[in-house]
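Here are my notes on this one, as numbered points to read with the coordinates open.

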Amino acid sequence: MNASLFRTSILFAAICVLTSLPSAGQQAAIPATTEGDYVVKNFKFRSGESLPELRLHYTTLGKPARDTQGRVTNAVLILHGTGGTGHQFLSPIFAGELFGPGQLLDATRYFIILPDGIGHGKSSKPSDGLHAHFPQYDYDDMVLGHYRLLTEGLGVNHLRLLFGTSMGCMHSFVWGETYPDFMDALMPMACQPVQIAGRNRVWRKMVMDAIRNDPDWKAGEYTSEPEQALRTVLDFLLIAGSAPLYMQKTLPTRDAADKYLDEYFKARMPGLDANDTLYHVNASRNYDPSGQLDKIKAPVMFINSADDFINPPELGNAEREIRKVKNAQFILLPISDETRGHGTHTRAVVWKQYLAELLEKSAH
């Protein structure tokens with residue numbers, strides 16, 4: 001992934017730092033992509049606010065196929081995490097493991113859709129000009145936006161697979177409850193199907209408070225970025241996304257760790273916008289799919305990693321809540337030399353065997 005794309009995916013892509021080393025000799029060439037924008041007119045948000053035009057950016061690979069009834073049979077929707085973009089899935093550790101000829105999501109067989117969520121990437125966001133007057137979107141708004149992109153913009157009336165990482169993982173549960181007949185299979189990775197509370201909420205609120213309490217933020221009308229706030233944001237994201245075992249091995253001395261931290265800030269501070277970041281984190285404020293998980297009909301393969309700071313396994317939430325889903329399996333990946341904490345969700349070599357199992361299980 002080049003530097004500009006990495007900065008675009010700065011927020012939770014920063015969480016995946018030190019996770020992008022490819023596994024030798026396994027990736028295929030990434031197929032050609034197509035990009036576009038779909039504009040939804042007079043989009044109404046759950047807050048009561050609206051936008052006369054909501055731009056939703058997307059990247060696609062492959063072409064849709066339809067059965068005799070006109071139903072799309074090969075669409076795959078892949079949803080990014082907080083602060084990310086659809087482009088992050090074009091990295092060798094993901095696309096190179098999945099999208100090539102003969103691979104599980106071979107782009108010559110599947111129609112792969114990589115959208116930018118509301119507030120992210122090249123979709124409409126606060127930094128476009130509205131700043132803190134941008135509508136206060138939440139996860140339901142983001143899911144609705146993608147639903148309209150698919151059905152109205154791309155003509156996709158059914159999904160073979162919905163795959164989501166981190167925030168996209170949470171969106172997967174919202175999708176499954178809201179549109180239970182829309183997909184054949186769901187694969188959420190790196191989240192919890194419960195309200196964001198405890199330490200997860202605390203560090204997120206710390207991030208938001210750091211922005212709001214920085215005098216240079218100026219209620220969102222700053223002319224230059226509130227750098228101290230953004231440094232605090234990056235501090236938290238680095239810790240939240242860290243994989244202790246891997247970092248200890250790759251940064252084995254004090255000097256190596258200090259050098260890495262200096263380079264981390266230099267690479268990731270440019271391109272980070274305080275309003276966009278605040279909205280990214282605040283969008284999770286009312287997420288809680290736990291009460292309607294029994295509405296999900298599609299087979300679910302739910303995967304977390306044992307070294308994920310954001311979703312620690314000792315909470316037991318994932319195992320307990322997934323029992324509410326009729327046809328679901330939960331996998332906890334053990335800590336290993338291959339896992340990368342929260343960023344394990346984009347390292348396909350670690351978990352693609354479970355994707356193969358889900359595709360086989362949900363085949364018609």
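1. Start with the contacts of Gly-119. Setting aside neighbours within four places in sequence, Gly-119 touches Ser-124, Lys-125, Pro-126, Tyr-137 and His-280. The glycine sits in the loop between β4 (111–115) and α4. With a relative accessible area of 1%, Gly-119 is buried. Look across to Asp-276 too: its C-alpha atom is 6.6 Å from that of Gly-119, although the two are 157 residues apart along the chain. Bear in mind throughout that this is a predicted model.

2. Next, the pair α4 and α5. Helix α4 covers residues 139–153 and helix α5 residues 167–178; their axes come within 10 Å and cross at roughly 75°. An angle from 65 to 115 degrees counts as roughly perpendicular, and α4 and α5 are therefore roughly perpendicular to each other.

3. Who meets whom there? On the α4 side you'll find Tyr-139, Asp-140, Met-142, Val-143, His-146, Tyr-147 and Leu-150, and on the α5 side Met-167, Met-170, His-171, Val-174 and Trp-175. Sorted by type, the residues of this contact come out as nine nonpolar, two polar and one charged. As a reminder for reading such a list, an α-helix has 3.6 residues a turn, so residues three or four places apart point the same way.

4. Staying with α5: how many of its residues are buried? Eleven of the twelve are, so the helix is mostly covered, given that buried means under 20% relative accessible area. The buried ones are Met-167, Gly-168, Cys-169, Met-170, His-171, Ser-172, Phe-173, Val-174, Trp-175, Gly-176 and Glu-177.

5. At 3% relative accessibility, Ser-166 counts as buried. Asn-42 also has a positive phi without being a glycine, with a value near 50°. The place of Asn-42, though, is in strand β1 (residues 34–44).

6. Now the aromatics. Counting ring centres within 6.5 Å, there are 19 aromatic pairs. One of them joins Trp-175 and Phe-182, a tilted pair with 5.6 Å centre to centre and 40° between the planes. Both partners are tucked away: Trp-175 counts as buried at 0% relative accessibility, and Phe-182 counts as buried at 7%. Elsewhere, Phe-89, Phe-94, Phe-99, Phe-163 and Trp-351 form one aromatic cluster.

7. Helix α7 (residues 227–240) passes the length check too. Its 14 residues should span 20 Å at 1.5 Å a residue, and the end C-alpha atoms are 20 Å apart, which agrees. Which residues of α7 are buried? They are Ala-229, Leu-230, Val-233, Leu-234, Leu-237, Leu-238 and Ala-240.

8. Ala-219 is found between α6 (198–212) and α7. Its relative accessible area is 52%, and exposed means over 50%, so Ala-219 counts as exposed. Asn-275 is 56 residues away from Ala-219 in sequence, yet the C-alpha atoms are 9.3 Å apart in space.

9. Val-349, in the loop between β8 (328–333) and α12 (352–361), counts as partly exposed at 24% relative accessibility. Its C-alpha atom is separated by 8.5 Å from that of Glu-338, eleven residues apart along the chain. Glu-152 belongs to helix α4 and, at 40% relative accessibility, counts as partly exposed.

Key
Residues are numbered from 1 along each chain as its sequence is written. This is a predicted model: local features need pLDDT of at least 70, side-chain atom pairs count only at pLDDT 80 or more; totals for chains, interfaces and linings use all residues. Side-chain values use heavy atoms; hydrogens and water are left out. Axes are lines fitted to C-alpha atoms, for helices over the stretch in contact, and angles run from 0 to 180 degrees between N-to-C directions. Helices (H or I, at least four residues) and strands (E, at least two) are DSSP runs, numbered from the N terminus. Angles under 35 degrees count as roughly parallel, over 145 as roughly antiparallel, 65 to 115 as roughly perpendicular and the rest as oblique. Contact means heavy atoms within 4.5 Å. Ala, Val, Leu, Ile, Met, Phe, Trp, Tyr, Cys and Pro count as nonpolar, Asp, Glu, Lys and Arg as charged, and the others, Gly among them, as polar. Buried means under 20% relative accessible area, exposed over 50%, partly exposed in between (1.4 Å probe, protein chains only). Rings of Phe, Tyr and Trp (its six-membered ring) pair if their centres lie within 6.5 Å; planes under 30 degrees apart count as stacked, over 60 as edge-to-face and the rest as tilted. The expected span of a helix is 1.5 Å times one less than its number of residues.
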